[in-house]
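Hi,

Here's the structure I promised to pass on. Have a look at it first, and my notes follow below.

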Amino acid sequence: MERSGFSVIVPATTANLGPGFDSIGLALNLYMTVEVSSSKQWQVIYEDEAFQGLTTGEDNLIIETIQEIACRYDKKADPVTLSVQSNIPLGKGFGSSASAIAAGIVIADELFSLHLTDKEKVLLGSQLEGHADNVSAALLGGAVFAYFAGENIDFVHHKDVAGAFVVLVPPNELKTTESRGILPETIAHADAVQNGSASAVLTAAILENDWQTAGKMMEKDHLHEQYRKGLFPSFDDIRAFSKTLGAYGMTISGAGPSLIIAVEVGTAEEIAAQLKKTYPYYDSFSIEASQVGASVLSKEKA
Ligand code: HSE
C-alpha cells in the first residue's frame with residue numbers, strides 16, 4: 001500500500017577528500033528538500049531557477065530511482081509529484097546526482113514501506129551511482145568510509161564530524177564523466193602504496209576528529225589530483241596561499257570543479273573572505289559537516 005504526503009531532506013556531499021577516491025564521503029550542510037504528493041502523472045517541479053535545465057518526467061533521476069526500487073522489490077509504483085527546493089550547487093562537485101539518488105531511495109522506502117536498513121540503502125545507492133562515496137554520505141550524514149564491490153558493501157559511519165571547511169566554487173560546471181575520463185587506466189604500484197597509506201591515515205584522523213592530520217592527508221592523493229588539477233585555475237597557488245592563512249589542507253571536492261579546504265574551527269569565515277578577495281574567480285564560503293542524512297521530515301495524509 002502506498003503513502004504520499006511527506007517531505008524528504010537530503011544533504012550535499014563532498015567525495016574523496018583527496019586519497020579516498022570513490023570510498024570516502026562527507027555530508028555538508030547544504031540541503032535539498034523534496035515534497036512528495038499523490039498525482040495522476042510522474043512529475044518533478046524544481047522551484048529554483050538553477051535547476052530548470054533538468055528533466056522533469058520519468059527520465060528524472062529521482063523518479064528513475066523510485067521506479068527502479070519498485071521494480072527490484074516487486075512493488076506497484078503509483079505516480080507522485082515531487083516538488084524540489086535545493087541550495088546544492090548543480091554540477092559543482094557537491095554530489096547533486098548522489099543526493100537525487102539518495103532522495104529516491106528514501107522516498108521509495110517510505111512509499112513502499114520497505115523498512116530498508118542503512119546497509120541496504122547504501123548498497124542500493126552505490127549500485128545506482130556506480131561508486132559509494134557521495135551517495136553513502138548523502139544517505140547517512142557525517143562521514144562514511146566504504147568498500148564497495150558491486151554486490152556487497154562494507155562501511156564505517158562516523159556521524160559526529162567536528163571539522164570546519166571552506167569551499168571555492170567556480171562559475172563553470174564540470175561533468176563527472178569528463179573529469180573521470182582524464183584519469184589513467186592503471187597506476188604504478190608505488191603510487192597505490194602511497195595512496196593506500198594516505199587514505200588509511202586520513203580515515204583514522206577523521207574518526208579521531210584530528211583535522212590537522214586529515215588536512216595533511218587530503219593533499220597526498222596519488223590516484224586523481226595530478227591528472228585533474230589543470231582543470232582548476234590557480235590550484236597550486238590557492239593551496240599555498242590557504243596555508244599562509246592557517247588552513248590544514250586543500251583538495252578537489254569530488255570530481256570538481258570546486259575545491260574544499262579543511263581549516264581550524266572558528267577560522268572558516270575569515271579564510272573564506274581572504275580567499276574570495278584574492279581569487280575572485282571562485283565564490284568562496286564557509287561550510288560545515290552535516291550530521292543529517294537523507295530522511296523523512298514530515299508526514300501528512302495527502
Ligand atoms: N569519486 C568520484 C570521482 C566523485 O572523483 O570521480 C564524483 O562522483
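Predicted model: local features only at pLDDT ≥ 70, side-chain atom pairs only at ≥ 80, totals over all residues.

Let's start at the ligand. Strand S1 (6–16), strand S2 (20–38), helix H4 (133–140) and helix H5 (176–181) each give at least two residues to the shell around it. Helices (H or I, at least four residues) and strands (E, at least two) are DSSP runs, numbered from the N terminus.

Residues are numbered from 1 along each chain as its sequence is written, and side-chain values use heavy atoms, with hydrogens and water left out.

**The ligand site**

Who surrounds the ligand? The residues are Ala 15, Asn 16, Phe 21, Asp 22, His 131, Asp 133, Asn 134, Thr 176, Arg 180, Arg 228, Gly 254 and Ala 255. By type, the shell splits into 3 nonpolar, 5 polar and 4 charged residues. Here Ala, Val, Leu, Ile, Met, Phe, Trp, Tyr, Cys and Pro count as nonpolar, Asp, Glu, Lys and Arg as charged, and the others, Gly among them, as polar.

- Asp 133 places a polar side-chain atom 2.6 Å from a nitrogen atom of the ligand.
- Arg 228 has a side-chain N or O atom 2.8 Å from an oxygen atom of the ligand.
- Asn 134 has a polar side-chain atom 3.3 Å from an oxygen atom of the ligand.

On its own the ligand exposes 260 Å², and the protein buries 96% of that. Those areas come from the Shrake-Rupley method with a 1.4 Å probe. The ligand takes up the space of the largest pocket.

Ser 179 belongs to helix H5, and its side chain reaches the backbone oxygen of Ala 255 at 2.7 Å. Is Ser 179 buried or exposed? It is buried, because its relative accessible area is 0% (buried means under 20%, exposed over 50%, partly exposed in between, with a 1.4 Å probe and protein chains only).

Ser 258 is in the loop between S8 and S9 and is also buried, at 0% relative accessible area. Its C-alpha is 9.2 Å from that of Leu 174, although the two are 84 residues apart along the chain.

Pro 257 is in the loop between strand S8 (249–252) and strand S9 (259–263), and the peptide bond from Gly 256 to Pro 257 is cis, with omega near 10°.

Ser 113, a residue other than glycine, has a positive phi, near 45°. You'll find Ser 113 in the loop between helix H2 (96–111) and helix H3 (118–129), where it is partly exposed at 34% relative accessibility.

Ser 234 is not a glycine either, yet its phi is positive at about 65°. Ser 234 sits in the loop between helix H8 (225–228) and helix H9 (235–244) and is partly exposed at 33%.

**And one on the surface**

Lys 216, in helix H7 (residues 211–218), counts as exposed because its relative accessible area is 53%. Lys 216 and Ala 247 are 31 residues apart in sequence, with 9.8 Å between their C-alpha atoms.

Cheers

How values were computed: Near = heavy atom within 4 Å. Polar contact = N/O pair within 3.5 Å; in protein donor to acceptor, adjacent residues only side chain to side chain. 1 Å grid on protein atoms, 1.4 Å probe; cavity = no way out; pocket = protein on both sides within 12 Å on 5 of 7 lines; lining within 4 Å. Sits in = over half its atoms within 2 Å of the grid points.
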